[in-house]
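Hello,

Here is the structure I said I would pass on. My notes on its salt bridges and on one helix pair follow below.

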Amino acid sequence: MAQTLAVAKYLNDLHVKKHGRAMDQMKMHKMMYFSQRESLMISGNPLFNDDFEAWKYGPVLVNVRSEYLTGHMFDGEYEELSDTEKELVESVYKRYDEYDAWQLSTLSHAEHSWRQARKGLVAGEAGNEKMSLTAMKADATREFLRRKGVVLA
């Protein structure tokens, strides 16, 4: 299993290489969510071990948020991702890079895991409930079926 910040650093490095600037924080959280969902879809196992919280603009990883707030993000020493992990993260990056942070937020708001963790909150209300890994696995299954062309009711 990869270190959460190693995955975030790799995503950011891909973004810098392609766009010449760091990935904004909001987009990073969504890319991390979709990377986790992709791992659950492909292997049934999480890519990294940290929990997402269901904030009002979508899933958030608190330790990734903290890294952005330091002013010198991803300067730490992280274990290198395996070739399989890199391949997975690169595929997610290629799939979602064309989307801006708000478009990704709209996609993440459609996810069952995020909506489930936000139950009882009104739209726009702050929240920090942890998102269920079981619910994220259900999202991964839905995405797998969607990609196979199965229409879900």
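In this predicted model, K9 and D13 form a salt bridge, with 3.0 Å between the closest N and O atoms. The two residues are four apart in helix α1, and therefore about one helical turn separates them. K9, at 25% relative accessibility, is partly exposed; D13 is also partly exposed, at 35%.

A second salt bridge joins the side chains of K27 and D97, at 3.4 Å from N to O. K27 is in helix α2 (residues 25–43) and D97 is in the loop between α4 and α5 (101–109), so this pair ties together parts 70 residues apart in sequence. Both K27 and D97 are buried.

R37 and E143 also meet through their side chains in a salt bridge, 3.7 Å from N to O. Here the partners sit in helix α2 (R37) and helix α7, residues 133–147 (E143), so parts 106 residues apart in sequence are tied together. R37 and E143 are both buried. They belong to a network of salt bridges that also links E38, E111, R146 and R147. The count of salt bridges comes to 11.

On the helix pair: α1 (residues 4–19) packs with α4 (residues 83–96) at an angle of about 50°, the axes being 10 Å apart. That angle makes α1 oblique to α4. Their crossing is right-handed. From α1, the residues V7, Y10, L11, L14, H15, K18 and H19 meet K86, V89, E90 and Y93 of α4. By class, this contact has six nonpolar, two polar and three charged residues.

Regards

Technical notes
Residues are numbered from 1 along each chain as its sequence is written. This is a predicted model: local features need pLDDT of at least 70, side-chain atom pairs count only at pLDDT 80 or more; totals for chains, interfaces and linings use all residues. Side-chain values use heavy atoms; hydrogens and water are left out. Axes are lines fitted to C-alpha atoms, for helices over the stretch in contact, and angles run from 0 to 180 degrees between N-to-C directions. Angles under 35 degrees count as roughly parallel, over 145 as roughly antiparallel, 65 to 115 as roughly perpendicular and the rest as oblique. A crossing is left-handed if the near helix is turned anticlockwise from the far one by less than a right angle, and right-handed if clockwise. Contact means heavy atoms within 4.5 Å. Ala, Val, Leu, Ile, Met, Phe, Trp, Tyr, Cys and Pro count as nonpolar, Asp, Glu, Lys and Arg as charged, and the others, Gly among them, as polar. A salt bridge is a side-chain nitrogen of Lys or Arg within 4 Å of a carboxyl oxygen of Asp or Glu. Buried means under 20% relative accessible area, exposed over 50%, partly exposed in between (1.4 Å probe, protein chains only).
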